Amino acid sequence: MTQLTFYNSLSHWPEEFKPIEEGKVGLYTCGPTVYNFAHIGNFRCYMFEDLLKRTLLYFGYNVKHVMNLTDVDDKTIRGSQAAKMPLTEFTQQYKDAFFKDIATLRIIPADIYPAATDHIPEMIALIQRLFDLGIAYQAEDKSVYFSIAKWPKYGQLMKIDRDQMRVGVRIKMDEYAKESVADFALWKAYDEADGDVAWDSPWGKGRPGWHIECSAMSGKYLGKTFDMHCGGIDNMFPHHEDEIAQSEAANGCKFVNYWLHCAHLMVDGQKMSKSLGNFFTLRDILAKGYSGREIRWVLIGAHYRQSLNFSFKALDDARVALQRIDAVLLRLKELSTAADAGEAEVKAMIEATDAKFADSLAEDLNISGALAAIFDFIRDLNRAMDAGNLSGKAAQAALKAFEHYDTVLAVCQPDADAGVPAEVQALAEERQAARKAKNYARADEIRKQLDAEGWVIEDTPKGPRVKRK
Ligand code: AMP
Ligand code: ZN
């Protein structure tokens with residue numbers, strides 16, 4: 001098996017990857033808080049995790065992937081109250097949207113999507129263990145906190161200096177800055193503001209903190225110690241730091257061997273985020289006529305540890321790059337039924353591409369190297385086809401090679417009808433109705449209008465299909 005190397009946030013160093021069990025990987029990735037549509041900054045993170053998973057699969061690993069759905073926290077409760085909907089109904093619509101979006105982006109679904117609200121007993125059991133060990137305590141406000149004074153190993157991921165810690169100070173909010181490191185909430189006592197969202201526990205009515213859910217659910221599905229845990233860099237503190245503390249304190253063993261974090265998707269130099277309001281959801285971008293494949297191309301294109309600036313120019317560039325791929329694939333398909341020529345040359349090209357593609361990905365997911373290998377391959381194939389020295393079996397072999405690379409990239413198949421804005425689709429339907437009504441003048445006028453806006457209508461046996469010119 002090829003040796004893979006990943007930059008481990010725990011050691012701040014590239015490390016050779018050695019799974020606990022030969023050939024198998026347990027992977028946990030922090031999932032969405034389902035109170036709204038995920039934005040493409042969130043999807044940058046899920047896309048990096050998809051690239052990681054597809055790379056592990058490419059190298060022959062068997063991956064067990066768990067991603068949680070945070071369906072109870074301050075944001076989901078507030079959102080459901082504002083929408084005057086029960087919490088489960090409110091979050092369900094965003095769970096559904098999330099699954100639809102990942103399909104559009106060709107992200108391979110996780111094997112298990114545990115929801116926080118389905119795992120309250122597991123969380124209570126974990127808190128109970130921390131309580132029995134004297135590491136968790138119930139404060140005057142009836143909430144249960146993790147005592148960082150009782151856990152000297154606190155701060156491994158962020159290398160927090162113990163002198164900075166405010167021993168005995170408590171913080172109830174799930175999100176806080178490194179400067180305010182303090183005892184954090186495991187179980188939040190019921191507050192009237194939570195409405196009807198509450199569960200019984202040995203410490204009274206309440207609800208779990210955010211961090212405990214990932215410790216409880218990863219332990220349940222992947223074991224006390226597992227291979228990999230990922231998220232965005234903003235999750236490193238406090239979320240992942242607190243996960244490590246809870247899990248290692250309760251289980252008495254190492255929690256995760258490799259921590260991988262991706263850098264942010266930025267807009268004009270600032271992190272794309274809901275709170276700054278500088279975000280685009282996937283729907284926003286699809287409505288502008290871009291496809292899931294084009295968005296995927298932009299999001300996987302930069303190395304995961306480098307911040308990536310989002311722009312519509314990048315999406316336009318993606319379209320051009322993908323057209324080059326589509327064009328070479330079409331040419332190869334056309335030549336694949338012709339007489340055989342250039343087999344030995346193509347074999348050598350594939351060997352060179354295989355090596356560069358694999359070596360690049362094996363080195364901490366060096367996507368630029370992997371894509372450079374693909375574009376060198378395209379250039380060499382085009383040259384050979386221009387010279388009339390590539391057809392039949394050679395073309396078939398090249399197509400097979402693309403299929404293999406595409407198990408990682410997932411960009412070679414064009415989107416069916418994705419990316420057609422609703423107005424354009426409506427015009428196409430109006431044209432169809434006009435034609436049925438024999439109003440050919442109107443039908444023609446619409447065709448011209450669509451043409452001017454960059455769309456063509458193809459009449460297929462299943463009816464008209466709108467495509468970008
Ligand atoms: P949230 O729903 O806010 O918990 O975020 C879900 C995931 O998206 C987390 O792993 C975050 O680190 C990640 N994330 C949020 N904003 C961005 C961004 N602008 N760029 C990359 N990842 C992000
Ligand atoms: Zn998490």
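Which element gives the largest share of the shell around ligand 1? Helix H1 does, with four residues. This is a predicted model, in which local features need pLDDT of at least 70 and side-chain atom pairs count only at pLDDT 80 or more, while totals for chains, interfaces and linings use all residues. Residues are numbered from 1 along each chain as its sequence is written, chains are lettered from A and ligands numbered from 1 in the order in which they are written, and side-chain values use heavy atoms, with hydrogens and water left out. Helices here are DSSP runs of H or I with at least four residues, strands are runs of E with at least two, and both are numbered from the N terminus.

**The largest pocket**

- Let's start with the open space: the largest pocket has a volume of about 1,000 Å³.
- A pocket, on a 1 Å grid over the protein atoms alone, is an open set of points with protein on both sides within 12 Å along at least five of seven lines; a cavity is a set where a 1.4 Å probe fits but cannot get out, and lining residues have an atom within 4 Å of a point.
- Volumes are the space filled by probe spheres set on the points, with grid points joined across faces, edges and corners.
- The lining of this pocket counts 50 residues, and nearest its centre are Asn-42, Lys-75, Glu-175, Asp-234 and Lys-271.
- At least two lining residues come from each of helix H1 (40–58), helix H2 (74–82), helix H3 (87–104), helix H5 (210–222), strand S10 (226–232) and helix H6 (236–251).
- H1 supplies the largest share of that lining, five residues.
- By class, the lining holds 24 nonpolar, 15 polar and eleven charged residues, where Ala, Val, Leu, Ile, Met, Phe, Trp, Tyr, Cys and Pro count as nonpolar, Asp, Glu, Lys and Arg as charged, and the others, Gly among them, as polar.

**Ligand 1 and its shell**

- Ligand 1 sits in the largest pocket, in the sense that more than half of its atoms lie within 2 Å of the pocket's grid points.
- H1 and S10 are the elements that give two or more residues to the shell around ligand 1.
- There are 15 residues around ligand 1, and Gly-41, Asp-234, Asn-235, Leu-265 and Met-272 come nearest; a residue is near when one of its heavy atoms lies within 4 Å.
- The shell is made up of five nonpolar, eight polar and two charged residues.
- Polar contacts are pairs of N or O atoms within 3.5 Å, and one of them places a polar side-chain atom of Asn-42 3.1 Å from an oxygen atom of ligand 1.
- Backbone N or O atoms also take part: one of Leu-265 lies 2.7 Å from a nitrogen atom of ligand 1, and one of Met-272 lies 2.8 Å from a nitrogen atom of the ligand.
- Taken alone, ligand 1 exposes 490 Å², of which the protein buries 91%; these areas come from the Shrake-Rupley method with a 1.4 Å probe.

**Enclosed cavities**

- Searching the whole structure gives three cavities of 30 Å³ or more.
- The largest cavity holds about 80 Å³ of space.
- Its lining has 14 residues, with Tyr-46, His-65, Met-67, Ile-107 and Ile-108 closest to the centre.
- H1, strand S4 (62–67) and H3 each give two or more residues to the lining of the largest cavity, and H1 gives the most, with four.
- Nine nonpolar, two polar and three charged residues make up the lining of the largest cavity.
- The second largest cavity has a volume of about 60 Å³, and among the residues that line it are Arg-44, Phe-48, Leu-299, His-303 and Ile-367.
- H1 and helix H8 (292–300) give two or more residues to the lining of the second largest cavity, with the largest share, four residues, from H1.

**Backbone geometry**

- Most residues other than glycine have a negative phi, and most peptide bonds are trans.
- The peptide bond from Phe-237 to Pro-238 is cis, with omega near -5 degrees, and Pro-238 is found in helix H6.
- Asp-364 has a positive phi, near 55 degrees, and is found in the loop between helix H10 (343–362) and helix H11 (367–386).

Terms used. Polar contact = N/O pair within 3.5 Å; in protein donor to acceptor, adjacent residues only side chain to side chain.
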